[in-house]
Every structure is written in structure tokens, then in C-alpha cells.
Amino acid sequence: MNNLQILVSLIDSNRFVFVIFGFHLSYMLVCKDIQKKYETLHVLQGVSMEVKRGEVVSLVGASGAGKSTLLHLLGTLDVPDAGEVWLNDIQVSRLKGKALAQFRNQHIGFIFQFHHLLPEFTALENVCIPGWLGKRPQRQVKDRAAALLERLGLKDRMEHKPAALSGGEQQRVSVARALINQPDIILADEPSGNLDSVNARALHQLFFELRAEMNQTFLIVTHNEELAAQCNRTIHMKDGKIVEATPAASI
Ligand SMILES: Nc1ncnc2c1ncn2[C@@H]1O[C@H](COP(=O)(O)OP(=O)(O)OP(=O)(O)O)[C@@H](O)[C@H]1O
Ligand SMILES: [Mg+2]
């Protein structure tokens, strides 16, 4: 390949344009003009946003505004009808099949309101599973899972199955599971929606500690105003559109 061909292929891959403007480098997650319809319901009507590495961003809005739909699209669990999703240097909306599953496993951690722990596995095994699916060495995964559970205050509960854990403990197990593959970003959908206020506060505190310790990036859908107020930024959604968002803070 000569220099001209290299240049053309870089431009063709969209990367070059981003690098030139220095735009892409500072953002971990970028989405542009996302559209999503369910039959006649236009759920997302041109959503564009970005998240920087190390930011904790909240996504708020009334029920039905499209928050979960957007989070699923950003997390590659669903595909937009139009628009682009970029995570690091990769346009994830172009990934398919095995490559997509692998990318999701390696780069994205999820925390849901109902943590979806597998009832027949122990806390430790639940945390290990995404690591094993990612074909990482078994011992290494187990050691990291144990260290994470210990860090999250569950040292003495790791051999228990979910039914023998409290709601707050189960949610902390799901945080450890989200962290096992050292994801670039954790996408959380109402993570404290099912917790009492004491456990909710403790979970929120944990997010900020993980940001401080690991520079972990979070995008959190929440109805919890206290949590939203603690975040670097809040993005407000209404009827499938972003109606208010503060610019990404320089961190
Ligand atoms: N798979 C689907 N098929 C059809 N309609 C859907 C589907 N998923 C979501 N919707 C609709 O899209 C709209 C947005 O849903 P979404 O779950 O994104 O809202 P939300 O902002 O997360 O609300 P909440 O705060 O109640 O969780 C709703 O009207 C919902 O009924
Ligand atoms: Mg929702």
C-alpha cells in the first residue's frame, strides 16, 4: 500500500476524520442521531450524546421516555434503525454475530434493576461466568472474582447462592460481575430501583469509589434524584429525545 492508499483507507474507516478533529480520542462512548421505532411508536428520535472516560453520567426522564431502549442500544443488546454508536475506536453498530458478542463481553458491563443472577450458581460463580465466557484463564478469573467480592464487602458470602443473599448483597454481586472483565464502561439501568434507601445509598457510594479507584466510567439510568445530583452530568430525556444535557466535564 502506498501512502495515498493508506490515507484513503483510514478516511474510509471513519477513524482518520475523528482523529484529525481530536474528537474521538477524548470520548469513551459516542452516539449520533440514533433512531428507534417499535411499529408506529418512534421511541428514539435522533439521540446524540457522549461520555468521557472516568465520568459518571446519569440518564433521567419520565417512564416511557426511552431510557432503557437507549441503554440497550448503547450496550449493543439491540440495534438502532439508524444512527451510529462508537465505543472507543469501534463503531459497534457495524459489529455482528460472534465479533459483537465478544466485543460486548470484553468492553461493556451491565447492571440491571433485577440483577439477573443465576440462581443455581454461587455468588463467586456468577461473577466468574462472564470471565469464563470471555475464555480467560479459569484461575485468573476466579482470583479476580474473589478479590472483587472481597472489595465489595462480600468475602464471607461468596459461596452462597443468590437466594441466600440480601437484595443489597445480590446487587453488589451483580456489580462485581459487571466489573470482572474490566469493561470500558458500565451501563446500569435503575441499579438501585429495587433497594431500600440505605442499600441504595451504599451502592451509589460504591460507584463513586470505583470511579476514584479504577477510573471506572458509568452511564446510569436512574429515577433517584440524590444519585443524579452526585453524578458529573445528567442527561434528561423526554419522548425519545434528549432535552437537556450538560457538556462533558473536562476531567
Ligand atoms: N420491545 C418493545 N416493543 C414495543 N414497544 C416497546 C418495546 N420496548 C419498549 N417499548 C416502548 O418504548 C417506550 C420507551 O420504553 P423504555 O423502556 O425505553 O422507557 P424508559 O424510559 O426506560 O421507562 P421506565 O422509566 O419506565 O423504565 C415505551 O413506550 C415502551 O412501551
Ligand atoms: Mg426503563
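Biologist: Which element gives the most to the shell around ligand 1?

Modeller: Helix α4 does, with three residues. The model is predicted: local features need pLDDT of at least 70, side-chain atom pairs count only at pLDDT 80 or more, and totals for chains, interfaces and linings use all residues. Residues are numbered from 1 along each chain as its sequence is written, while chains are lettered from A and ligands numbered from 1 in the order in which they are written.

Biologist: What makes α8 roughly parallel to α9?

Modeller: Helix α8 (residues 167–179) and helix α9 (residues 197–214) pack at about 20°, with axes 10 Å apart. Angles under 35 degrees count as roughly parallel, over 145 as roughly antiparallel, 65 to 115 as roughly perpendicular and the rest as oblique; therefore α8 is roughly parallel to α9.

Biologist: Which residues of α8 and α9 meet?

Modeller: G167, G168, Q171 and V175 in α8 meet N199, A202, L203 and L206 in α9 (contact: C-beta atoms, placed from the backbone, within 7 Å). By class, this contact of α8 with α9 has four nonpolar, four polar and no charged residues (Ala, Val, Leu, Ile, Met, Phe, Trp, Tyr, Cys and Pro count as nonpolar, Asp, Glu, Lys and Arg as charged, and the others, Gly among them, as polar).

Biologist: Why are β2 and β5 called edge strands?

Modeller: Two strands pair if DSSP finds at least two bridges between them. The open sheet has the order β2-β1-β4-β5, with antiparallel pairing. Strands β2 and β5 (90–91) each pair on one side only, and are therefore the edge strands. Two bridges join β4 (residues 82–87) to β5.

Methods:
Axes fitted to C-alpha atoms, helices over the stretch in contact; angles between N-to-C directions. Helix = DSSP H or I, 4+ residues; strand = E, 2+ residues; numbered from the N terminus. Contact = placed C-beta atoms within 7 Å.
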